[in-house]
Amino acid sequence: MATFWSLAVLLAYGCIRMRTELSGLFPDSMGKGIGGMTLPLVGMELSPALLLSIASFVIGLWFLNRTLEKPKNADLLIETEAELRKVTWPTLDETIDGSIVVMVVVIFLMVFMASADFILGEVFTRIITGQA
């Protein structure tokens, strides 16, 4: 369910942006209202851009529902949730210690790689220019 609603929110955002872009790019054809009609409760002017975004949202929700309700996909999501419940999450101290170790290793590797690059660059520059 969480997957469906998360993707539905992303789909809604995409459709809202699509309506805005269509109304901005084609103000004369897509942005103008159809016969001065407005949507009740929202007060939005009914335009081709709005109709296209609503149709895209409905089709997207239908496709999303069909995709997530396939037994194979649904079983995968259920199994993933069950596996995540088995995970032993680290404590704050373990997380901090692990982060410090990662930062130290990254800094060490950065210094090592920069030194190796500099030294090899100098060696090959001297070999190529004949200053060896």
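**Exercise 1.** Work out what share of the 132 residues in the protein is buried.

*Solution.* Start with the cut-off: buried means under 20% relative accessible area, exposed over 50%, and partly exposed in between, with a 1.4 Å probe and protein chains only. Buried residues then make up 10% of the 132 residues. Phe 4 counts as buried, at 15% relative accessibility.

Before you go on: this is a predicted model, where local features need pLDDT of at least 70, side-chain atom pairs count only at pLDDT 80 or more, and totals for chains, interfaces and linings use all residues. Residues are numbered from 1 along each chain as its sequence is written, and side-chain values use heavy atoms, leaving out hydrogens and water.

**Exercise 2.** List the elements of the protein in order, then decide whether it is spread out or a compact globule.

*Solution.* Helices (H or I, at least four residues) and strands (E, at least two) are DSSP runs, numbered from the N terminus. The protein has 4 helices and 0 strands, so from the N terminus on you read α-α-α-α. Its radius of gyration is 28 Å, well over the 14 Å that the globule rule gives for 132 residues, so the protein is more spread out than a compact globule. The radius is taken over C-alpha atoms, and the rule is 2.2 Å times the number of residues to the power 0.38. The C-alpha trace spans about 85 × 50 × 30 Å along its principal axes.

**Exercise 3.** Classify the structure's 1 aromatic pair.

*Solution.* Rings of Phe, Tyr and Trp (its six-membered ring) pair if their centres lie within 6.5 Å; planes under 30 degrees apart are stacked, over 60 edge-to-face, the rest tilted. For Phe 4 and Trp 5, the centres are 5.0 Å apart and the planes at 80°, so the pair is edge-to-face.
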